[in-house]
Amino acid sequence: MTGNDIRRSFLDYFTRQSHTVVKSSSLVPDKDPTLLFTNAGMVQFKNVFLGQERLPYSRAASSQKCLRISGKHNDLEAVGRDTYHHTFFEMLGNWSFGDYYKAEAIEWAWELLTREWGLPKDKLWATVYLDDDQAERLWAKISGLPAERIRRFGEKENFWEMGETGPCGPCSEIHLDRGPEACDRNGLPGHVCQVNGDCARYIELWNLVFIQYNRKDNRELEELPSKHVDTGMGLERITAVLQNVLSNYDIDFM
């Protein structure tokens, strides 16, 4: 599949799951003074998560143009040091606004990756937040992943926030083992390839965020009136995987 085919396949899949496809919003947020640039697909829905705005649909999907050169999510320092980070990229995402939650998000992500796109199940890993017993149980039930391939991590890896304030929550990531040949740290003393490690062997494909809090100015978390789903998957990264190349710069539209 071409990169354009993959984008369309993603949006078509979620259209079949009753999602409304929305356009990519501006790179400069027009309603959010807390961000310089749109750094994720959920930015245009911030007020929906906070209960300050209502939309005529409760499920959405998009391919959002993102820029990450400043603030909480800054990929600038990684560009040129690895083959899968960009400052400007497209993020495939699906959202639930008080509709479905963890079970559906996990089920659809697993189905799209393994059934629709044919990724090998024995090469996929899942991560969950430290105390998210529910997500761990759902991964085991839906995917059949063995316990050793469902890992728990703390805030740095598995609690997602768009910025210093705003909607946030625990998240569950899907990682792919691309094999020892993908490691770009071979030969370094003490290096071990691992999920959320420092080499390119295990690569994060998709982040499923379970939005249930609002981070306030004083850093306190307050429960939101409803629970939501916010997912993000880099188009360039999944395209490299599906086109069987190790570098995002070798895909057909870079």
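Mentor: Gladly, and please keep in mind that this is a predicted model.

Trainee: What share of the 254 residues is buried?

Mentor: Buried residues, meaning those under 20% relative accessible area, make up 53% of the protein chain.

Trainee: How should I read the radius of gyration of the protein chain?

Mentor: One sets the value beside the expectation for a compact globule, which for 254 residues would be near 18 Å; the protein chain has 17 Å, so the two agree. Along its principal axes, the C-alpha trace spans about 50 × 40 × 35 Å.

Trainee: Which residues have the most contacts inside the largest nonpolar core?

Mentor: That core has 40 residues, and those with the most contacts inside it are Phe10, Trp139, Leu205, Trp206 and Ile238. Among the elements that give two or more residues to this core are α1 (3-16), β8 (202-215) and α6 (235-242), while the largest share, seven residues, comes from α3.

Trainee: With which residues is isoleucine 238 in contact, leaving aside its neighbours within four places in sequence?

Mentor: Isoleucine 238 is then in contact with Ile6, Leu92, Leu113, Trp117, Leu119, Leu205 and Met233. A second, separate core has 20 residues, including Phe45, Val48, Val209 and Ile211.

Note on methods:
Residues numbered from 1 in each chain as written. Predicted model: local features only at pLDDT ≥ 70, side-chain atom pairs only at ≥ 80, totals over all residues. Heavy atoms only, no water. Core = buried A, V, L, I, M, F, W, Y, C linked by side-chain atoms within 4.5 Å. Buried < 20%, exposed > 50% of the residue type's maximum accessible area, 1.4 Å probe, protein only. Helix = DSSP H or I, 4+ residues; strand = E, 2+ residues; numbered from the N terminus. Contact = heavy atoms within 4.5 Å. Rg over C-alpha atoms; globule rule 2.2 N^0.38 Å.
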